[in-house]
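Colleague: I'm new to reading protein models. Could you walk me through this one, feature by feature?

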Amino acid sequence: MWKLLVITVLGVCLIACPNVSAAEPPIATVTRIEVGERPLIDGKLTDACWQKGAWQEQMHLLGQEAPPTQGTRFCVLCDENNLYLGVECMEAAMDQLKEVRGGGIFRGDSIELFLDLNRDRKTYYHLTTNTLGICEGKRDGREFIWHASASKAEDRWTSEIVVPFSSFAIGAEVGPTWNFNLCRQRYAGARELSTWAPLGPQGGFHQPELFGELRGLDVDFSRFRLELGEPEVHAAIEGQALNVGFELPVGNGTGKAADLRLEGCLIPAEGKPQTQEAKVSLADGEQGAAELSGYRVEKSGDYSLLVALTDPTAARVYYRTKFTVRLEYTPLGISLVQPAYRASIFATQELQEVKLSVEVGLDEAALKTSALQVRLAAAGSEEPLQERRIAPLPAAEVEVSFDARDLEVGDYLITASLSDETGQVIATADQELHKLPPAPGSEVRLDEDLNTVINGVPTFIYGYFSVTGSYPGRDWKGMAETHADGCTGLLHYGAGYWSEESGARFLDEAQANGLGVVIYPYYRTFFREGGLPHIGDPDTHLTEKMKQGITECVNMWKDHPAMLGWYLSDEPDCNNTSPEALEEVYQLVKGLDPYHPCIVLCRYAGTHHLVRNCADIFMPDPYIHPRLDGQFDVPLTAFRDYFDAIAATGKAAWVTPQAFASGYANESTLCEPSFEHLRAMAYMSIAHNAKGVLYYAWGYLTLFPPSYRGARFLSKEVAAMAPALLSPTSEAEVTIEPEDAEIDVLVKEHEGDLYLIAVNTQFREIDANFEVPGLGGRSVSVISEGRMVQVEGDRFADHFGKYEVHLYTTAAEPPDAGMTLAEIRAEVAAMQAARFKEGNLCLRMTREGELTGVNVAAPQGVYSIDGITDLFSSWRWSAHPAPPVDLIVSFPHEQTISRVVVYTPTLSDYEVQVPDGEGWRTVATVTGNTEQVVTSRFDPVKTEKLRLHITAVNTPEWETEQYGFAGHGAVVDEIEAYAE
């Protein structure tokens with residue numbers, strides 16, 4: 001049979017908020033040229049048209065106002081069909097250019113373009129070219145079609161770029177001004193990152209809020225406003241090949257009727273391309289479909305489908321894109337239905353039958369004259385233990401089962417053979433089956449509903465990254481608190497750095513607290529040596545040293561009872577990790593340890609299919625970047641894309657919601673997620689079938705006690721909800737009014753009762769009406785809210801605040817988290833209010849969430865002016881170099897100060913200083929301090945700055961034990977300043 005899969009890749013659209021003040025964006029003007037004046041794209045910039053354009057020469061080092069040491073200038077032109085860019089990169093070390101030929105050309109000398117056509121400052125095209133003229137760029141799952149060429153001289157390299165307007169998805173909102181930026185990665189000589197639009201130090205080049213403007217695109221874009229949807233594949237058998245066709249949705253937004261030609265070129269990895277075409281006629285605003293048919297395919301594999309909408313009477317292309325499609329012909333295939341996970345029967349499974357689906361790639365007539373023989377035998381044996389014969393075949397998909405009750409521990413092989421009317425075998429297929437002995441440690445598997453099952457018990461995974469253990473002399477309550485809150489899992493990054501003693505101590509403590517642990521399977525020096533191979537490396541496979549190291553690491557920890565799973569890769573799509581290498585890791589690890597699942601965290605929604613064979617569980621991190629005004633920089637609806645992409649792979653989904661402060665710096669309007677944000681992210685994920693939630697990260701979340709207190713309540717609420725969350729999903733289709741109420745829902749059925757999760761995905765209040773089939777007038781309570789809703793038949797109504805979550809149930813005894821939402825909200829609000837002490841001048845923001853202009857000139861220094869004082873390490877300098885070091889607080893205008901309070905676990909000797917001419921004057925001195933809160937009083941001074949000049953620190957013994965060196969040096973949790 002044919003198994004057809006359309007493979008797509010979403011573009012890399014990182015969104016981050018800068019840590020610099022928003023200023024007027026720079027402006028570049030496009031020069032319009034005629035078609036006959038267009039440049040020859042040879043990289044040399046010698047065409048006359050480049051002399052007509054306006055060249056931009058002002059570049060900035062990333063995150064700085066200073067210019068780069070090597071200048072870059074560019075010019076932008078356009079005609080009615082294309083955008084052209086000429087770029088000149090001065091280079092004093094041409095002989096040291098780093099030229100990357102494979103994937104990830106940004107890892108060498110290169111130019112990156114950012115084009116935000118609709119100016120939403122969130123979605124944009126990201127294109128990269130390098131000194132060899134190689135191009136990379138994708139968006140919305142499609143390869144972006146553009147061209148570049150490069151040329152080199154003695155002291156510079158130049159690039160010419162052409163970007164056809166037909167390659168963009170152009171909507172009605174696209175006009176003559178786009179948001180734009182051009183950036184340069186320099187590796188020759190010394191690495192230098194430069195950008196035309198000034199950007200902040202965090203977020204890299206992906207800071208769309210600060211992109212400049214590209215003006216003067218004097219082009220009629222209406223003719224490009226056409227749409228092409230994902231192709232649907234149709235195939236029919238023709239002898240030993242297939243006749244393949246593709247149906248594509250087509251839309252017309254040009255403002256007038258359109259008679260078009262759809263051209264499609266199917267390109268194999270090897271062999272000749274095939275071209276077909278079809279006519280398309282659409283009224284303005286009409287959505288239709290067109291089919292490209294008649295492709296003959298004889299070999300399975302990945303194909304490129306290049307499609308274009310053109311004018312049939314003129315040589316004009318209005319829209320074109322490229323898809324990757326996988327075409328596979330399998331005359332006979334076996335799929336295990338039960339057991340559904342790793343083709344293995346586990347000791348805790350009470351499996352009565354082995355069930356499989358056999359798919360036959362024959363037409364209806366051939367099915368009637370064919371026979372299917374399916375056998376189950378011990379591996380290596382010719383003698384079947386059980387067999388089934390089916391003839392004639394009733395359909396192209398046949399269900400077969402074997403008795404599993406008497407199967408002994410061991411390896412088995414299921415073999416299917418297909419015979420024609422003469423009895424000749426025309427196809428065979430095999431499927432391994434394993435029956436495992438009891439696990440030496442913990443047994444963790446997935447069930448048919450993709451729930452995590454630990455030692456036979458379905459378990460909802462809830463917890464954090466990086467929960468700490470105890471160390472001699474320092475008893476952190478992380479694990480104990482986490483367990484008491486109802487958490488079940490945590491992820492620890494440090495297994496590769498554990499000694500056998502320290503690792504066992506951590507895992508023992510986790511086990512004692514009922515927590516499972518996910519760890520890397522990599523040895524101590526793995527990441528220092530570069531980690532897994534990258535796309536484009538000469539060899540993208542594991543070395544023997546890597547295999548040996550992974551084997552030793554897995555064998556060391558796999559049998560510990562606290563083991564929950566193996567964390568194979570953190571954001572492989574960001575790190576350009578080789579999928580081949582990652583798949584080899586997966587096969588190696590699951591072969592060494594069949595009892596624990598393998599997990600991969602992908603950063604982008606469209607990249608899961610690239611590593612679909614590398615994990616049992618995908619765990620995205622769809623960070624939403626909360627702001628002080630309560631909104632998100634990335635919409636909550638983005639979660640849908642992530643979980644849809646994971647569902648397409650057939651793998652289980654956990655999630656890594658954001659539990660840290662985005663861009664938490666002096667002038668950033670981004671902040672930590674609130675309790676309401678954490679709750680919305682958790683239940684948004686659960687509403688889209690996430691089976692686990694591990695916040696990133698416990699260490700960051702504890703920096704913000706109000707949010708952490710809310711997270712602790714949320715742990716208990718999810719734990720109370722777990723039995724329902726692990727139950728089957730209802731098939732009831734919930735209707736919500738009004739239609740624009742973007743509320744995402746999930747309905748679960750547990751012990752005869754319904755549980756409805758409803759998440760308002762918008763930053764606005766909504767009055768919504770629900771119709772839930774099967775509700776039947778039953779009483780409905782709102783979990784954690786202590787209230788009921790009035791039900792009439794299958795309908796009820798409720799009010800939602802911004803990003804608010806409601807949990808409804810018909811159960812007579814609803815899940816109980818120990819307190820109500822009103823109570824936890826009041827507690828969180830009181831903790832938040834406590835940050836704002838009356839008269840304290842050292843605060844980065846007001847109670848209303850507005851920035852005060854107070855800032856700190858030190859890494860992570862903003863944590864020392866956030867009003868949070870009850871932490872042991874909320875802000876710190878590096879342990880190297882040792883003191884003396886300085887903490888400087890600047891005020892937006894002159895302040896009168898006579899008292900300074902410092903919260904610190906380590907400062908021993910320091911001076912409180914204010915500016916005095918060109919130096920600093922000491923107003924208070926502290927020596928030999930062993931206290932954690934130190935108050936210094938002095939005569940009132942008027943100043944715009946305050947400095948702690950630190951000369952000595954106390955190093956707790958636990959830091960030496962934990963980090964292997966003399967601590968983290970100077971640590972200031974908080975500094976306060978008062979007039980009196």
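**Reading the model**

Modeller: Buried means under 20% relative accessible area, exposed over 50% and partly exposed in between, with a 1.4 Å probe and protein chains only. Keep in mind that this is a predicted model, where local features need pLDDT of at least 70, side-chain atom pairs count only at pLDDT 80 or more, and totals for chains, interfaces and linings use all residues. Residues are numbered from 1 along each chain as its sequence is written, and side-chain values use heavy atoms, with hydrogens and water left out.

Colleague: Where does Leu45 sit, between which strand and which helix?

Modeller: Helices (H or I, at least four residues) and strands (E, at least two) are DSSP runs, numbered from the N terminus. Leu45 is in the loop between strand 3 (31-32) and helix 1 (49-52).

Colleague: And what is phi of Leu45 near?

Modeller: Most residues other than glycine have a negative phi, and most peptide bonds are trans. Leu45 has a positive phi, near 60°. Tyr803 isn't a glycine either, and its phi is positive at about 60°. Tyr803 lies in the loop between strand 52 (795-800) and strand 53 (805-809), and is buried with a relative accessible area of 7%.

Colleague: Is the peptide bond from Gln338 to Pro339 cis or trans?

Modeller: That one is cis, with omega near 5°. Pro339 belongs to the loop between strand 26 (332-338) and strand 27 (344-345). The bond from Glu737 to Pro738 is cis too, with omega near 0°, and Pro738 is in the loop between strand 45 (735-737) and strand 46 (743-750).

Colleague: How many disulfides does a search of the whole structure find?

Modeller: A disulfide is a pair of cysteine sulfur atoms within 2.5 Å. The search turns up 0. Take Cys183: its sulfur is 12 Å from the closest cysteine sulfur, in Cys89, so that's too far for a bond. Cys553 is in no disulfide, with the nearest cysteine sulfur, in Cys598, 12 Å away. Cys183 is buried at 0% relative accessible area, and Cys553 is buried at 7%.

Colleague: Which residues is Glu571 in contact with, leaving aside neighbours within four places in sequence?

Modeller: Contact means heavy atoms within 4.5 Å. For Glu571 the partners are Leu601, Arg603 and Asp621. Glu571 counts as buried at 16% relative accessibility, and is found in the loop between strand 40 (563-570) and helix 6 (579-592).
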